Amino acid sequence: ELLCRFDPGGVLAFLKASVGYSVAEVLELCHRHGVRDAEAFLLERTGDVEAALGLLVDRCQRELEQLAGHLHSCSLEQLAEVME
């Protein structure tokens with residue numbers, strides 16, 4: 001739980017390198033703390049590939065929406081600089 005709270009970006013790597021944890025308990029912690037990449041990993045381990053994929057697709061959609069918002073607020077000159 002501490003890792004979820006204070007280093008959410010490190011949870012997935014920790015889970016991949018660890019054994020002997022309760023997948024159900026850690027899945028609940030990841031869900032509660034919004035650690036979606038680790039939650040998707042654990043859902044896949046439980047066999048719920050559809051739910052895991054859904055989490056990843058949702059994340060991609062949110063990030064694309066943010067990118068679109070940033071691009072929409074940029075001027076053509078700023079976009080040209082980025083493309084160089």
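C60 is partly exposed, at a relative accessible area of 47%; buried here means under 20% relative accessible area, exposed over 50%, and partly exposed in between, with a 1.4 Å probe and protein chains only. The model is predicted, so local features need pLDDT of at least 70 and side-chain atom pairs count only at pLDDT 80 or more, while totals for chains, interfaces and linings use all residues. Residues are numbered from 1 along each chain as its sequence is written, and side-chain values use heavy atoms, with hydrogens and water left out.

**Cysteines**

Zero disulfides are found in a search of the whole structure, a disulfide being a pair of cysteine sulfur atoms within 2.5 Å. C60 is in no disulfide, and its nearest cysteine sulfur, that of C30, is 18 Å away. C4 is buried, with a relative accessible area of 7%. C74 sits in the loop between α5 and α6 (76-83) and is partly exposed, at 31% relative accessible area. C74 and L43 are 31 residues apart in sequence, and their C-alpha atoms are 38 Å apart in space.

**Helix pairs**

Two packed helices are described by the angle between their axes and the distance between the axes. Helices (H or I, at least four residues) and strands (E, at least two) are DSSP runs numbered from the N terminus. Axes are lines fitted to C-alpha atoms, for helices over the stretch in contact, and angles run from 0 to 180 degrees between N-to-C directions.

| Pair | Axes come within | Crossing angle |
|---|---|---|
| α3 (residues 23-33) and α4 (residues 36-45) | 8 Å | roughly 150 degrees |
| α4 and α5 (residues 49-73) | 7 Å | roughly 160 degrees |

The crossing angle of roughly 150 degrees makes α3 roughly antiparallel to α4. Angles under 35 degrees count as roughly parallel, over 145 as roughly antiparallel, 65 to 115 as roughly perpendicular and the rest as oblique. The crossing of α3 and α4 is left-handed; a crossing has that hand if the near helix is turned anticlockwise from the far one by less than a right angle, and is right-handed if clockwise. On the α3 side the contact is made by V23, V26, L27, C30 and H31, and on the α4 side by R36, A38, E39, L42, L43 and R45. Contact means heavy atoms within 4.5 Å. The residues of the α3 and α4 contact divide into seven nonpolar, one polar and three charged. In these classes Ala, Val, Leu, Ile, Met, Phe, Trp, Tyr, Cys and Pro count as nonpolar, Asp, Glu, Lys and Arg as charged, and the others, Gly among them, as polar.

For α4 and α5, the axes cross at roughly 160 degrees, which makes α4 roughly antiparallel to α5. The crossing of α4 past α5 is left-handed. From α4 the contact takes R36, D37, E39, A40, L43 and E44, and from α5 it takes V49, A51, A52, L55, L56 and R59. This contact of α4 with α5 has seven nonpolar, no polar and five charged residues.

**Residues in and around α4**

Which residues of α4 are buried? They are A38, E39, A40, F41, L42 and L43, and these buried residues pack against α2 (11-17), α3 and α5. Just after α4, G47 takes a positive phi of about 95 degrees.

R36, in helix α4, counts as partly exposed at 28% relative accessibility. The C-alpha atoms of R36 and V82 are separated by 30 Å, and the two residues are 46 apart along the chain.

V23 belongs to helix α3 and counts as buried at 18% relative accessibility. Neighbours within four places in sequence aside, V23 is in contact with L42, R45 and T46. Between V23 and E39, 16 residues apart along the chain, the C-alpha separation is 9.8 Å.
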